Amino acid sequence: MGKGLTSKVGSKWVTVHKDMSKEGIKTSFQNNRVCTLAKDHYTSTSFDNFLAMAIAIRDRLVERWILTQQTYHKNNLKRVYYLSMEFLIGRLMGNNIINLGLWRAATKAMEDLGLDLEDIRDQELDAGLGNGGLGRLAACFLDSLATLGIPAHGYGIRYEYGIFNQKVINGSQVELPDEWLRLGNPWEFARPEYTVRVRFYGKTRMFHDRKGKLFVKWVDTEDVQAVPYDMPIPGYGNDIVNTLRLWSARSTEEFDFEYFNHGDYEQAVYRKVLSENISKALYPNDAVSQGRELRLKQEYFFTAASVADILRRYKVDNTDMTGLADKVAIQLNDTHPALAIPELMRIFIDEENMEWDSAWDITVNCLAYTNHTVMPEALETWSVPLFESLLPRHLQIIYEINLRFLREVANRFPGDNDRLRRMSIIEEGDPKKIRMAHLSIVGSHSVNGVSHLHTELLKSQLFKDFYEFSPEKFNNKTNGITQRRWLLKSNMRLSDLITNAIGDSWVIDLYEMEKLIPFKDNGSFRKKWRDVKMENKKELSDFIRAKTGILVNPDSIFDVQVKRIHEYKRQLLFSLYIIREYLKLKNDPSADIYPRTFVFGGKAAPGYAMAKLIIRFINSIADVVNRDKTIRDIFKVVFLENYRVSLAERIFPASELSEQISTAGTEASGTGCMKFMVNGALTIGTLDGANIEMAEEVGKDNIFIFGLKTDEIQSLRQNGYNPNDFVDRSQELKDVIRLVRSNFFSHISPGLFDPIVNILLGRDPFFVCADFESYCKMQDRVSEEYREQEEWTKKSIINVAKSGKFSSDRTIKEYAEDIWGVSYLDYQ
């Protein structure tokens, strides 16, 4: 089995057996290829080589995984359970190799066999189990939890189809299924022995015992099996391996022989297909009633299975349920897992026979809620009729929670009926709706926002009534990213340069980056910094040419906006600026304009018509600009399709200007801005989300801030915002809109972009017109400062040096200390 090696897990030294040397990895790889895959070097495919390597790495994880879990149980440690509908984990091989400290050994092992580790890694499919920032944040948190040695488990859904694959055909987004499991997943382990039965529909029966105590039974239900699949999540360099458990839906009845024997073959498997739809796809279309019902099923399915599993784990080492909060901390990543609140209450009252007050205290003390939005229209609600049909017992419990809560509010604020209406978990109307954010606040001991501005907006606007009622619940936890994936793994050239200068302690403590500050005044170091950026830009240029056929200039400014396509993120503002620059050059071909490569990436929700039209608009601009020979290749516009984690890892290292231009007061935090920052890009952005804290860290001279502030936006909205007032004052904006309206970018489909013009000149809900002039002026400043490469490089170094606050390690430490009350394992 190879050499026995000692490894420290917690405070105990143990023996692990898998050889971590180059020779050990070579041996494992070859054995796996022959004995597990029945292939040799003649018959193995590239994917076979990936599987053989993945299994070799996985085996080294498994030993540490088992030891970690044994340590948690033996010490009966309090554990964190992170519940999230999304985990956008991407590819795992590179991350696992790095966290195990095997990068050099693995690379050399493959070289000895005539193989390239990068080519092998490229065979892995992204696990796209998320839609964007919410899921990627959850993945970063898992990495930090393990690296910090915090006993933790992630819980989610094992979607058979993740976020759709995006193709751009004739400029338009086309969605294709993401069959990420079609070739198998070497990182997961099925755990059918821990299958949980999840119930839906049915009815409730109430009865009293001889002592007059009320009991409720949930009966005549339609059940689904939740089958767990576990993935190991290694910490960096500490031999700690935590668990991500994803639930897959299986029918309780695989096959109905009665239908089959009567020749009704479709009906024979109908229940199986219907049940397994629950974990079939990420985010079904909720524009139709069946989609809404399926979405609610998904939320309860994974929440109920996770709660059952948490309680099972607790009972292994504990007998007294009243001590649950001393051993269990459950974090709700947005409101999708909010059904944990009535589910815990149901179990405590109906199955554990607790009194309401005791059950409620335990529930509240176990649960904490993270909010991820500042927009009221984005808060999740469910219609009472749908909820009553699907989860009748839970509706009864929610009504009781609401009744008791409103009694407390009424006692505190006598006669304030408007406040009761605003704070009620149930929104009156036809139909009545359950406000899941209100349920989450009432049923949790902690409510946090994800940036300073976001949290202040929660307290002063979105949840003002709740803050006045329970101010002690509210706190801020600014989001972060894991530097191990987004710098150490994604940008090895820059990582090596930094490590050679200041050592590698930044990998586990990003605040160590501040040691870079003196190097900004070192001319030799600045040149190496620019050389690294240029190599990364050339690499991305080659990738762009291979994927799109577009030849871009590596000496141009790489100006990048990659994120989910949404009106509030204002890809439209970026697009209008590009047209402005194009017009400037057309009107004066000799104009001294610094070359730029404008890079877009992002997916639009399939049912979001305006976002999909914006993608078409961007690609139409690209088609015109890239084909116009008169502008001498000064500009290129690129839309990279199918934006995902592995593509992001190519883009961030090459980026120089990060577009974080959402309307002030709309972005809760944003983490893309942090990934750009840690890779040395400068930010152009509004005072929104985490941009504010980034500006505080780097100083106003090292970031390009423009636009209206949140209070100015609110004032303008309240006083009656008219976008035409701003258009009339800006000849450039007037010219840009006139060009779009003239069908210059849509001559084959006249009127195609009229909806964009109409919304800009009509409501302009995200103040694109109001911020256009300020944005363009700041972009002009960017161009001027970029010409001074020595100064630009200093600013780039400062941005990386001041990125320490934006590590997810810092975020998780704050959660652990302020909310969860969990202990770290002792590595000393």
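## A buried arginine to start with

Arg-570 is buried, with a relative accessible area of 0% (buried means under 20% relative accessible area, exposed over 50% and partly exposed in between, using a 1.4 Å probe and protein chains only). You'll find Arg-570 in the loop between β22 and α23. Its phi is positive, about 65°, although Arg-570 is not a glycine. Most residues other than glycine have a negative phi.

Before going on, a word about what you're looking at: this is a predicted model, where local features need pLDDT of at least 70 and side-chain atom pairs count only at pLDDT 80 or more, while totals for chains, interfaces and linings use all residues. Residues are numbered from 1 along each chain as its sequence is written, and side-chain values use heavy atoms, with hydrogens and water left out. Helices (H or I, at least four residues) and strands (E, at least two) are DSSP runs, numbered from the N terminus.

## On either side of that loop

Strand β22 (residues 557–562) pairs with β23 in the parallel sense, over six bridges (two strands pair if DSSP finds at least two bridges between them). Strand β23 spans residues 596–601, and six of its six residues are buried. Both of its faces are covered: Arg-596, Phe-598 and Phe-600 are buried on one side, and Thr-597, Val-599 and Gly-601 on the other.

Helix α23 (residues 571–587) and helix α24 (residues 609–627) have axes that come within 10 Å and cross at roughly 20°. That makes α23 roughly parallel to α24 (angles under 35 degrees count as roughly parallel, over 145 as roughly antiparallel, 65 to 115 as roughly perpendicular and the rest as oblique). The axes here are lines fitted to C-alpha atoms, for helices over the stretch in contact, and angles run from 0 to 180 degrees between N-to-C directions.

Which residues of α23 and α24 meet? From α23 come Gln-571, Leu-572, Ser-575, Leu-576, Ile-578, Ile-579 and Tyr-582, and from α24 come Ile-614, Phe-617, Ile-618, Ile-621, Val-624 and Val-625 (contact means heavy atoms within 4.5 Å). The residues of this contact divide into 11 nonpolar, two polar and no charged. Here Ala, Val, Leu, Ile, Met, Phe, Trp, Tyr, Cys and Pro count as nonpolar, Asp, Glu, Lys and Arg as charged, and the others, Gly among them, as polar.

Helix α13 (residues 356–366) packs against helix α15 (residues 392–412) at an angle of about 90°, with the axes 13 Å apart. α13 and α15 are therefore roughly perpendicular to each other. Trp-356, Asp-357 and Trp-360 make the contact from α13, with Ile-397, Glu-400, Ile-401 and Arg-404 from α15. Sorted by type, the residues of this contact are four nonpolar, no polar and three charged.

## Strand β14 and its partners

Strand β14 (residues 241–251) is mostly covered, with 10 of its 11 residues buried. Strand β6 (residues 152–157) runs parallel to β14, and five bridges join them. In that pairing, Gly-156 stands opposite Leu-246 of β14.

Strand β13 (residues 222–234) runs antiparallel to β14, joined by 11 bridges. Met-231 has Leu-244 in β14 as its bridge partner. The hairpin of β13 and β14 has six residues between the strands, and Gly-237 takes a positive phi near 65° there.

Three strands form an open, antiparallel sheet in the order β17-β19-β18. Its edge strands are β17 (381–383) and β18 (426–427), each pairing on one side only. β18 meets strand β19 (residues 433–435) over two bridges, and Glu-427 stands opposite Lys-433 of β19.

What kind of peptide bond joins Asp-430 and Pro-431? It's a cis bond, with omega about 5°. Pro-431 sits in the loop between β18 and β19. Most peptide bonds are trans.

## Two asparagines

Asn-333 lies in strand β15 (residues 328–333). At 0% relative accessibility, it counts as buried. Asn-333 and Met-85 are 248 residues apart along the chain, yet their C-alpha atoms are separated by 7.8 Å. Leaving out residues up to four places away in sequence, Asn-333 touches Tyr-82, Leu-83, Ser-84, Leu-134, Ala-138, Thr-370 and His-372.

Asn-743 is found in the loop between α30 (731–741) and α31 (754–761). Its phi is near 70°, a positive value in a residue other than glycine.
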